[in-house]
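Take a walk through this protein with the model open beside you. We will stop at a few places along the way.

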Amino acid sequence: MVKKILISQPKPTSDKSPYFEIEREFGVSLVFRPFVQVEPITSKEFREQKVSIPNYTAIVFTSRHAIDHFFSLAKELRVPITEDLKYFCVTETIALYIQKYVQYRKRKVFFGSTGKMEDLLPLMVKHKQEKYLVPLSDNHTDDIANLLNTKKLHHTECAMYRTITNNFTPEEIKTFDYDMLIFVSPTGVKSFVKDFPKFEQKDVRIGTFGPATSKAVTDEGLRLDFQAPSKEYPSMSSALKAYLEKSR
């Protein structure tokens, strides 16, 4: 039976978060503890990549971190954000987050339904004339670039932030007693395995957000019990709720 769940992300700031509803409905305890920390790269580091933001007509966002650091860096560099700039996001949730920085116009914001770049690609192909800029973490792979190359899209990937491990303390390791782990990034999986080299999964359930995170879990030889996003469960909270309902 699942009673205590460790979620590798910051605690929601809103009392209306669906995670708190899950706690009340299923009587579980949720512990929010990021496995990684995200830091901005400096403007100097960005300039060294020789990327000029005004040269691009569309931005591709794969996470809210990417949105935060894109607009922060643009402000620091005094780069004007034009109204005709288009935004392509892997989920609607990420697309709506753009409202934090600019007025939201649906005709200029496009999003996929599953969180996978493969599902966003058809929308990007419909706008093949665009010049795409993809802000990513400094340790990103070439997967997105290779995917966009298959459709001969004009694109550039660049680092706008870095992810570093947020190691568990000896006390946290000693008192580890969770029935479920939820990972939201591949880096978080690597951080956990590094801190718990003798971890035996046994009855501990594992949930993941994003295909790369799911792959990181299975690559470590761990059992994956459920994952998001999907067409049926676009968010991690909805996937978690569905899993707990089935496990009753």
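Start in the loop between β11 (226–228) and α10 (236–246), where Pro229 is found. Look at the link from Ala228 to Pro229: the peptide bond is cis. Its omega is about 0 degrees. Keep in mind that this is a predicted model.

Now move to another loop, the one between α3 (64–76) and β5 (86–89). Arg78 is found there. Its phi is near 60 degrees. That is a positive value, in a residue other than glycine.

Next, step back to the domains. The protein is divided into domain 1 (4–35 + 167–247) and domain 2 (39–163). Their centres, taken over C-alpha atoms, are separated by 27 Å. Where the two domains touch, 6 residues of domain 1 are in contact with 6 residues of domain 2. Together the domains bury about 460 Å² between them. Carbon and sulfur atoms account for 63% of that area.

Finally, turn to a pair of helices. Two packed helices are described by the angle between their axes and the distance between the axes. Take helix α5 (residues 117–126) and helix α6 (residues 143–150). Their axes come within 11 Å and cross at roughly 40 degrees. The two helices are therefore oblique to each other. Their crossing is right-handed. Which residues make the contact? From α5 come Met117, Glu118, Leu121 and Met124. From α6 come Ile144, Leu147, Leu148 and Thr150. By class, this contact has 6 nonpolar, 1 polar and 1 charged residues.

Technical notes:
Residues are numbered from 1 along each chain as its sequence is written. This is a predicted model: local features need pLDDT of at least 70, side-chain atom pairs count only at pLDDT 80 or more; totals for chains, interfaces and linings use all residues. Side-chain values use heavy atoms; hydrogens and water are left out. Axes are lines fitted to C-alpha atoms, for helices over the stretch in contact, and angles run from 0 to 180 degrees between N-to-C directions. Helices (H or I, at least four residues) and strands (E, at least two) are DSSP runs, numbered from the N terminus. Angles under 35 degrees count as roughly parallel, over 145 as roughly antiparallel, 65 to 115 as roughly perpendicular and the rest as oblique. A crossing is left-handed if the near helix is turned anticlockwise from the far one by less than a right angle, and right-handed if clockwise. Contact means heavy atoms within 4.5 Å. Ala, Val, Leu, Ile, Met, Phe, Trp, Tyr, Cys and Pro count as nonpolar, Asp, Glu, Lys and Arg as charged, and the others, Gly among them, as polar. Domain bounds come from an automatic or database domain assignment. Buried area is the accessible area (1.4 Å probe) that two parts lose on being put together, summed over both.
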